[in-house]
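Have a look at the picture first, then follow along.

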Amino acid sequence: MTPPFLAEIAAIAIAAILAITLHEAAHGYAARALGDDTAYRLGRVSLNPIRHVDPIGTLLVPGMLVAGQLLTLGRVEAMFGWAKPVPVNIWRLRDPRWGMVLVAAAGPAINFALAFGFGLAAHAFATVDESLPAGAGDWLLRLAALSMLYNVILACFNLLPIPPLDGGRILVGVLPAPAARALASTERFGLLIVLGVIFLLPHAIPGFDPMQILLRDVAFPVLRLIFLLSGHGGSS
């Protein structure tokens, strides 16, 4: 029998890898469909997780968070990480402006679709064949729950209107040209801005935690809606 903590780590890893891999792959597939084969030529239009791994963002940071929370809390309550961005040449897209909007939207869209798919799959997991190893059904339900959670959080986080996050690139595509250029010019500092929002603002402004607001007011309501749409009543 697999030790509980190893089973939990396996469920966390599979849920996170699926969410991140398919998010990045969706960008590549969308870009290729819309005229830009840059990611395809570099081998990034792929469902192979290894092709999207960032050693720090995909392995080191999430691994430290998982280990720290399991050791201190006995469970995982929060995750943070990132994959290697899929390269997109906006000028190779057939319609650079709206093509980039669609490419950016493809990542969050596949995450929402995955969350809904795992919500549907949970019905089957709840009635797995008794010939499976003991605890397999509970583990599959845990995997489904984590997958729904991670996909929704990943999608909502990436829709924040900060380049180079997907929401920032979508906003650049829909704003009038002067405002779009101004917002696009911040992309070089985007990662620093995101890290500042997550880690510095809560300390600079007591009582103001953007990530808690994102989770409480956006991600969790979306998650409850997906539970409802996938046939799980109003539970969360």
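Start with α5 and α9, whose axes come within 9 Å and cross at roughly 125 degrees. (Axes here are lines fitted to C-alpha atoms, for helices over the stretch in contact, and angles run from 0 to 180 degrees between N-to-C directions; helices are DSSP runs of H or I with at least four residues, numbered from the N terminus.) That angle makes α5 oblique to α9; under 35 degrees counts as roughly parallel, over 145 as roughly antiparallel, 65 to 115 as roughly perpendicular and the rest as oblique. The crossing of α5 and α9 is right-handed, where right-handed means the near helix is turned clockwise from the far one by less than a right angle, and left-handed means anticlockwise.

Before going on, a word about what you're looking at: this is a predicted model, where local features need pLDDT of at least 70 and side-chain atom pairs count only at pLDDT 80 or more, while totals for chains, interfaces and linings use all residues. Residues are numbered from 1 along each chain as its sequence is written, and side-chain values use heavy atoms, with hydrogens and water left out.

Which residues in α5 and α9 meet? On the α5 side they include Met148, Val152 and Phe157, and on the α9 side they include Leu214, Val218 and Phe227, with contact meaning heavy atoms within 4.5 Å. Sorted by class, this contact has 16 nonpolar residues, no polar and no charged. (Ala, Val, Leu, Ile, Met, Phe, Trp, Tyr, Cys and Pro count as nonpolar, Asp, Glu, Lys and Arg as charged, and the others, Gly among them, as polar.)

Helix α5 has another partner, α1: their axes come within 9 Å and cross at roughly 40 degrees. That makes α1 oblique to α5, and this crossing is right-handed. Among the residues making the contact are Ala11, Ala15 and His23 of α1 and Leu146, Tyr150 and Asn158 of α5.

Now for the inside. In soluble globular proteins, nonpolar side chains tend to be buried together. In this model, the largest nonpolar core has 30 residues, and those with the most contacts inside it are Leu146, Met148, Tyr150, Val152, Phe157 and Val194. (Such a core is a set of buried Ala, Val, Leu, Ile, Met, Phe, Trp, Tyr and Cys residues joined through side-chain atoms within 4.5 Å; buried means under 20% relative accessible area, with a 1.4 Å probe and protein chains only.) The largest share of this core, 9 residues, comes from α5. There is also a second, separate core of 7 residues, which includes Ala31, Leu93, Val103 and Ala106.

Next, find helix α4 (residues 96-125), which packs against α6 (residues 166-174) at an angle of about 155 degrees, with their axes 8 Å apart. The two helices are therefore roughly antiparallel to each other, and α4 passes α6 in a left-handed crossing. Their contact divides into 8 nonpolar, 1 polar and 3 charged residues.

While you're in α4, look for glycine 99. Is this glycine buried or exposed? Glycine 99 is buried, with a relative accessible area of 4%. Leaving aside neighbours within four places in sequence, glycine 99 is in contact with Leu34 and Leu93.

Last stop: the loop between α5 and α6, where proline 164 sits. Most peptide bonds are trans. Proline 163 and proline 164, however, are joined by a cis peptide bond, with omega about 10 degrees.

Definitions and conventions
Buried < 20%, exposed > 50% of the residue type's maximum accessible area, 1.4 Å probe, protein only.
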